[in-house]
Amino acid sequence: MSTEQQPYESAVNFASWDTLFFTRNFPSIDSDRSVRHVSKILTYPMTIAGILHQNGPFTSGNGRITRQGRRSMAALHSVLHLPPGATVETAPEKPQPPFRLFLLGARAESTLPPHLWAQLTHLFPRTVFQIYFIGPEVGMPLLSAQDRVKQEYAFTEEGGWGVPSYTFNYNTQLSLTSLRAPYEEIHEQLGPFDPYTDVFFAFSPGFGFPHQPLLEKITKSGKGQVLLDQETGKPIAPEDRYSPAEIESEVPYAPPETLVQAQTSWRQPLQQILETKCPFFFTAFSPLDLQRDVSALFGTNPPSASGAPGSPVREFPDYVALPTGPIEPIEGVTDEFELVLTPGVNPFGSLKWEIAEWDVRVGVKTNWGTWGIRGKKYDVVEGR
């Protein structure tokens, strides 16, 4: 693996894994199995690099970057790259703000060795990266029982987060911070946000996947839901529920038992992030997963709506209860975002097939596809 900074006069080719390895001067990889292994662990940092780099595979020319997305990407490129026509010698020397990457719902990516994330600093040698892994399943260093007792998680102005956290400064250009907590609990601590230097990522967030209630008892009655508190057994107030808004429409919305995660665990984080106007990029592990996530946010028919019941090959068992109709509009999310990156294949998805335990005929690839959004911006028009 190359551990050298990429010279400005030596361009990186982001067309595929092979061209990336060659132009980054990686040692020769002689077997397909080794290539699959390397792509599996590098798919997370290289997916981010491919999206952010001005020479990446996603452009307006191939239709992946939208008109609104060009504005967001131009802002990011102005920080990550030298001004047009400038060189390292002629570029003005001025302090650069740290570039913050927020990885929400982090799982496997939070356990990668730091030197893999250092590939970002090699591709953007003038940028200081601060990467935040956020989520209830974030990997944390193993601590003994005594060390865990000594940990103090109270929030302080000196840098405490109020949640289990760990920060590792790899070098002067890269720091990694793990925060084991739902994003909505620490959103205010991370602000203020700047669309020029802050970007959000979520790897396989599962927006369109059915919600799996853990501590909620759901009573299905008609179109709405009644959520009961686990301790008191009393109904939860409507403003505190995750259930979708009641609206009048002739569209055959999905029944209440098929609430998806965009309506539950992701609802508040999506609302908060869209308000920042910062880009938010996602990945998916298969074409159906990509379609399912897109349909959840746009409120269109999910791919499971057209699937024939009883098909010999199913992506998930029947008991998963995938939604079979459009998702109800989500307040503060639906119609409040615009596409930055159109849904499609990610050239830096993993090349390794992962086989489903429940059906060996079903295979997926980590970060197979990618797309992105941002909060909608309203232009002021005079005379109206």
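**Salt bridges in a predicted model**

Visitor: At 24% relative accessibility, what does K40 count as?
Guide: The model is predicted. Buried means under 20% relative accessible area and exposed means over 50%. K40 has 24% relative accessibility, so this residue counts as partly exposed.

Visitor: Which residue forms a salt bridge with K40?
Guide: The closest N and O atoms of the pair are 2.8 Å apart, and the cut-off for a salt bridge is 4 Å. The partner of K40 is E354.

Visitor: How many residues apart are K40 and E354?
Guide: The salt bridge joins K40 to E354. K40 is in helix α2 (residues 32–52), while E354 is in strand β10 (residues 354–355). The pair therefore links distant parts of the chain, and the separation is 314 residues.

Visitor: Is E354 buried or partly exposed?
Guide: The relative accessible area of E354 is 25%. Buried would need a value under 20%, and exposed a value over 50%. E354 is therefore partly exposed.

Visitor: Which residue pairs with D198 in a salt bridge?
Guide: Side chains of opposite charge can pair when their charged atoms come close. For D198, the closest N and O atoms of the bridge are 2.8 Å apart. The partner is R100.

Visitor: In which strand does R100 lie?
Guide: D198 and R100 form a salt bridge. The pair links distant parts of the chain, 98 residues apart. D198 is in strand β5 (residues 198–202), and R100 is in strand β1.

Visitor: Are D198 and R100 buried or exposed?
Guide: D198 has 2% relative accessibility. R100 has a relative accessible area of 12%. Buried means under 20%, so D198 counts as buried, and R100 is likewise buried.

Visitor: How many residues apart in sequence are R374 and E338?
Guide: The side chains of R374 and E338 meet in a salt bridge of 2.8 Å, N to O. R374 lies in strand β12 (residues 369–375) and E338 in strand β9 (residues 337–345), so the bridge ties together parts of the chain. Both residues are buried. Their separation in sequence is 36 residues.

Visitor: How many salt bridges does the count come to?
Guide: The pairs described include K40 with E354, D198 with R100 and R374 with E338. The count comes to four.

Visitor: What share of the residues of the protein counts as buried?
Guide: The protein has nine helices and twelve strands. Of its 384 residues, the share that counts as buried is 47%.

Conventions. Residues numbered from 1 in each chain as written. Predicted model: local features only at pLDDT ≥ 70, side-chain atom pairs only at ≥ 80, totals over all residues. Heavy atoms only, no water. Helix = DSSP H or I, 4+ residues; strand = E, 2+ residues; numbered from the N terminus. Buried < 20%, exposed > 50% of the residue type's maximum accessible area, 1.4 Å probe, protein only.
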